[in-house]
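Subject: Structure handover

Hello,

Here is the structure we discussed. Please open it alongside this message.

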There are 2 protein chains.
Amino acid sequence: MKRPSFRQQMLLAREQAIVACVNRLLSEKGYDQMTVDEVAAEVGIAKASLYKHFPSKEALAAAAMIHVLDRALGYVKNLLTEKRKPSEQLHKLVGWVMLQSLEGEMPSLPAQNSALRETLGANRDYMDKLMELSEYLGNWITSAQKAKELNPKLPPEVVLYTLFARACDPVLQVLKMGGQYSNEQICDYLLTTCFEGLRY
Amino acid sequence: MKRPSFRQQMLLAREQAIVACVNRLLSEKGYDQMTVDEVAAEVGIAKASLYKHFPSKEALAAAAMIHVLDRALGYVKNLLTEKRKPSEQLHKLVGWVMLQSLEGEMPSLPAQNSALRETLGANRDYMDKLMELSEYLGNWITSAQKAKELNPKLPPEVVLYTLFARACDPVLQVLKMGGQYSNEQICDYLLTTCFEGLRY
DNA sequence: GTCTATATAGCGATAGAC
DNA sequence: GTCTATCGCTATATAGAC
């Protein structure tokens, strides 16, 4: 009985290829500009086959988001093994996500598309992982605020949303397209504006 | 010969109504989710009539952007009559734009839609006004950096893009939808994160 | 310039053979 | 599960009467 297992592996591999492709396209062109035909073409299968794996375009986006949440959670758990100040953990995490964005590995969905938001909100897997990540970050944030590493006057949720937003800031792409800074340099600048602000 | 002038005024008023409507819809739903049918319906004219005024959906977006650039330039010129430190001028301007965003008066276009970006780039009026605004801001930025009011280690263009991005930050809408802070409070928080950073 | 009605096209999703 | 072919809808844009 080797064949079924083998086939399952093939399927899994194919789905991973699909998710990787969606990831890149979402990062490059965004949700609205990405077409399902395009995804199928780049993966190298027919569109109907794609729909056997994922029931809708929104499901494709959800799978991509779940994938990045998994990677982010993995990075966070690695950070936890190293002993650092909470603000430094946050700093490292945001820097890592910024680099992912610059390398086209970080999809970002439009905040304004309500239909998509509903689909994501109804997705258990996605919501669970988003919650889990938010709790890790929330703990770091409140700890950092108690230790006066981060501004304690800001509500923790404001800090949380700000970190999420800065990690996929459009300024990253703009500076990258300008072409005069390395990815590391861009991350450096934006980490400065995020944590230190523009003020001297 | 009163009639032609009168009619022209009617036309102008209608176009202003169109632009105002596009402004609001772009702010609420974004470019991709906004439909031309919707614009026509809300203005109260037929879609074909709309196309007599503006040749395309992209032209509608361009008109909306030009309108907000005009308003921003007006605000900037007003600021110039008051004597303030450059960093304070920037602070006031960003705060004003943030408030406009929260009140649904500030359209923001997707940075990823390349066709739209080309159309805007080819639009003289838009580009001229964008340049003019950028020059005012650029002067304030370099002055503020020389006076050590803003971080001089950041390239001025990084500061410029950051200010543009923070002025229509998605975090604004997220916090507004949360519903637990007033618009003024939200602006206050985000101005803090922008200029002072998250660090204490 | 305004309208109704329609052309045109792109895209998400599906049918049905293999 | 994979394919080809197609449906069905939506949205931009236009034709043509008034």
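What follows is a summary of what was found in it.

Please keep in mind that this is a predicted model.

**How the two copies relate**

Chain B superposes on chain A by a rotation of 180 degrees, with 0.0 Å of shift along the axis. The RMSD is 0.1 Å. That is the relation of a two-fold axis. B:G197 is the residue of chain B that comes closest to this axis, with its C-alpha at 1.8 Å. Now the interface. Of the interface residues of chain B, 100% are also interface residues in chain A, so the copies meet through the same surface.

**DNA strand C**

Sugar and phosphate make up 58% of the atoms of DNA strand C that come within 4 Å of the protein.

Some polar contacts are worth a look:

- A:K47 has a side-chain N or O atom 2.7 Å from a base nitrogen of DNA strand C.
- A:Y51 places a polar side-chain atom 2.8 Å from a phosphate oxygen of DNA strand C.
- B:S49 places a polar side-chain atom 2.7 Å from a phosphate oxygen of DNA strand C.

Which elements supply the surface near DNA strand C? Helix 3 (47–53) of chain A, helix 1 (3–33) of chain B and helix 3 (47–53) of chain B each supply at least two residues. Helix 3 of chain B has the largest share, four residues. By class, this surface has eight nonpolar, four polar and four charged residues.

**DNA strand D**

Around DNA strand D there are 17 residues. A:A46, A:S49, A:K52, B:K47 and B:K57 come nearest.

An N or O atom of the A:R14 side chain is 2.8 Å from one. For A:S49 the distance is 2.7 Å. For A:H53 it is 2.9 Å. Two or more residues of the surface near DNA strand D come from each of helix 1 (3–33) and helix 3 of chain A, and helix 2 (36–43) and helix 3 of chain B. Helix 3 of chain A gives the most, with four residues. The classes are eight nonpolar, four polar and five charged residues.

**Helix 9 of chain B**

Helix 9 of chain B covers residues 170–178, and B:V171, B:L172 and B:L175 are buried in it. Seen down the helix axis, the buried residues fall within an arc of 105 degrees, so they line one face of the helix. What covers them? The cover includes helix 8 (156–167) of chain A. It also includes helix 5 (86–102), helix 8 (156–167) and helix 10 (183–195) of chain B.

At the start of helix 9 of chain B, a side-chain oxygen of B:D169 comes within 2.8 Å of the backbone nitrogen of B:V171. Just after the helix, B:G179 takes a positive phi of about 80 degrees.

**One serine in chain A**

A:S134 sits in helix 7 (residues 124–146) of chain A. Is A:S134 buried or exposed? A:S134 is buried, because its relative accessible area is 18% and the cut-off for buried is under 20%. Leaving aside residues up to four places away in sequence, A:S134 touches A:L160 and A:F164.

Best wishes

Note on methods: Residues numbered from 1 in each chain as written. Chains lettered and ligands numbered in written order. Predicted model: local features only at pLDDT ≥ 70, side-chain atom pairs only at ≥ 80, totals over all residues. Heavy atoms only, no water. Near = heavy atom within 4 Å. Polar contact = N/O pair within 3.5 Å; in protein donor to acceptor, adjacent residues only side chain to side chain. Nonpolar A, V, L, I, M, F, W, Y, C, P; charged D, E, K, R; others polar. Least-squares fit on C-alpha atoms with pLDDT ≥ 70 in both. Contact = heavy atoms within 4.5 Å. Buried < 20%, exposed > 50% of the residue type's maximum accessible area, 1.4 Å probe, protein only. Arc of directions from axis to C-beta.
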